[in-house]
Amino acid sequence: MTPAARLQAAIDLLDLIIAAARDDGPAADTLIARYFRDRRYAGSKDRRAVRDLVYRAIRAYGDRPESGRTALVGIAREDGELAALFDGSTHGPAPILPGEGASARSLLPRWIVPELAELISTQEQAALLDRAPLHIRVNPLKTTRQIVLARWPGAQPIAETRQGVALPSGTDVESDQLARDGALEIQDAGSQIIAQVCAAGPGMTVLDLCAGGGGKTLALAADMAGEGRLIAADTVRDRLARLVPRAERAGCAGLIETLLLDPGRESERLAPLDSQCDVVLIDAPCSGSGTWRRNPEARWRLTPDRLARIAALQARLLQVAAPLVKPGGRLVYAVCSLIDREGHDQVQQFVSSNFLWSPQRSTEAGRPWGLGTLLSPQHDGTDGFFFSVLEKPC
Ligand SMILES: C[S@@+](CC[C@H](N)C(=O)[O-])C[C@H]1O[C@@H](n2cnc3c(N)ncnc32)[C@H](O)[C@@H]1O
């Protein structure tokens with residue numbers, strides 16, 4: 001492919017990605033893979049160049065661009081070499097017309113900025129799109145942090161985590177024997193801290209209400225050292241199915257029960273756990289604004305309506321979870337988001353109608369924010385999270 005043809009391919013792909021973001025369609029990576037499956041003439045260099053252009057555009061715009069062309073014309077305005085590729089050649093894009101519309105750069109969707117926690121400075125907002133570090137969690141059921149630290153030059157323990165290790169970016173973790181044996185998992189330090197503040201221990205009954213593929217479930221299982229009852233619940237069968245082989249590899253399958261919930265009827269299925277749980281973790285479905293550095297395209301999918309629906313679900317999940325905690329037990333509420341409506345305000349609202357529950361400060365990590373803690377990429381080197389630990393009255 002000529003450089004101009006690669007640019008046209010990026011424009012076409014961005015059109016598909018923009019439409020999918022608007023209509024809740026497939027993720028950018030899926031669309032890119034499909035696009036090249038149908039274009040076998042594109043070699044690996046072509047694919048890499050097109051993908052780089054697509055992601056450059058995705059990172060450049062917080063608001064969904066009008067089209068692939070307006071997105072790349074916007075970038076071409078700052079990059080003469082790219083502008084020269086709008087050359088009207090056979091497979092290339094038409095020349096840029098004088099006064100042609102171009103998308104305006106922004107880091108975050110404009111409407112979201114006033115929704116972010118006040119603590120998040122403009123610099124921190126920019127850091128939400130920085131490159132994410134590579135963090136792993138060592139599985140103490142299989143190995144030790146010392147062994148893992150010795151495995152890779154440049155590996156560093158992560159402060160505030162018991163089992164976290166930061167690795168140089170690009171380290172091939174997934175094909176390493178330790179990963180294949182379930183001795184480590186790729187997991188952001190923020191997620192590790194949230195699992196830690198649950199303070200799960202041997203012999204406890206623990207419910208992971210939104211367990212998904214089980215990232216935090218596995219960390220809870222390790223803290224329980226294989227003893228007790230750990231229920232991993234979710235409304236999506238495929239996500240829970242992914243947890244099973246991971247738990248087997250991690251050596252904790254015997255501890256974990258999976259429980260598929262019916263959306264809207266969660267309480268019926270969970271009734272046998274009424275007042276039984278030492279810990280309930282709600283790792284709530286959220287906008288994901290704290291993980292936009294890993295998934296920048298998600299900025300184009302979030303709308304005010306969608307945020308309102310997510311916030312309503314989060315409030316309902318707090319109501320579902322509260323009766324399941326035993327007197328003196330803990331409810332841990334977490335979102336990978338820095339939007340107050342999803343974190344700070346949810347807990348405030350919960351405690352105002354459940355005023356005997358007491359918020360606990362259970363880690364030195366992050367900054368106190370309302371009745372919980374905020375973690376952010378710039379301040380803490382983690383993804384962005386809000387979490388709160390609430391103790392049920394005895
Ligand atoms: C933030 S993700 C969980 C990530 C997971 N805890 C981990 O650490 O890998 C939120 C999860 O909530 C689940 N979910 C959505 N609605 C739910 C509901 N009504 N009840 C329980 N889980 C729900 C989603 O399917 C999704 O897996």
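Visitor: Which residue in E3 stands opposite isoleucine 136?

Guide: That's valine 165. Keep in mind that you're looking at a predicted model.

Visitor: How do you know that strand E1 and strand E3 count as paired?

Guide: Pairing takes at least two bridges between the strands. Strand E1 (residues 134-138) and strand E3 (residues 164-167) are joined by 4 bridges and run antiparallel, so they pass that cut-off.

Visitor: What is the order of the strands in the open sheet?

Guide: The order is E2-E3-E1-E4, 4 strands with antiparallel pairing.

Visitor: Why is one side of strand E2 and of strand E4 left without a neighbour in the sheet?

Guide: Strand E2 (156-157) and strand E4 (184-186) sit at the edges, so each has a single partner strand.

Visitor: Why are H1 and H4 called oblique to each other?

Guide: The axes of helix H1 (residues 3-22) and helix H4 (residues 68-76) cross at roughly 125°. Roughly perpendicular covers 65 to 115 degrees and roughly antiparallel means over 145, so the pair is oblique. Those axes come within 7 Å.

Visitor: Which residues of H1 and H4 meet?

Guide: Among them are Leu7, Ile11 and Leu14 in H1, and Ala71 and Leu72 in H4. The contact divides into 8 nonpolar, 1 polar and 3 charged residues.

Visitor: And the ligand: which residues come nearest?

Guide: Of the 19 residues around the ligand, those are Cys210, Gly212, Gly215, Lys216 and Asp283. Helix H10 (215-223) and strand E6 (229-234) each supply at least two residues of that shell.

How values were computed: Residues numbered from 1 in each chain as written. Predicted model: local features only at pLDDT ≥ 70, side-chain atom pairs only at ≥ 80, totals over all residues. Near = placed C-beta within 6 Å. Axes fitted to C-alpha atoms, helices over the stretch in contact; angles between N-to-C directions. Parallel < 35°, antiparallel > 145°, perpendicular 65-115°, else oblique. Contact = placed C-beta atoms within 7 Å. Nonpolar A, V, L, I, M, F, W, Y, C, P; charged D, E, K, R; others polar.
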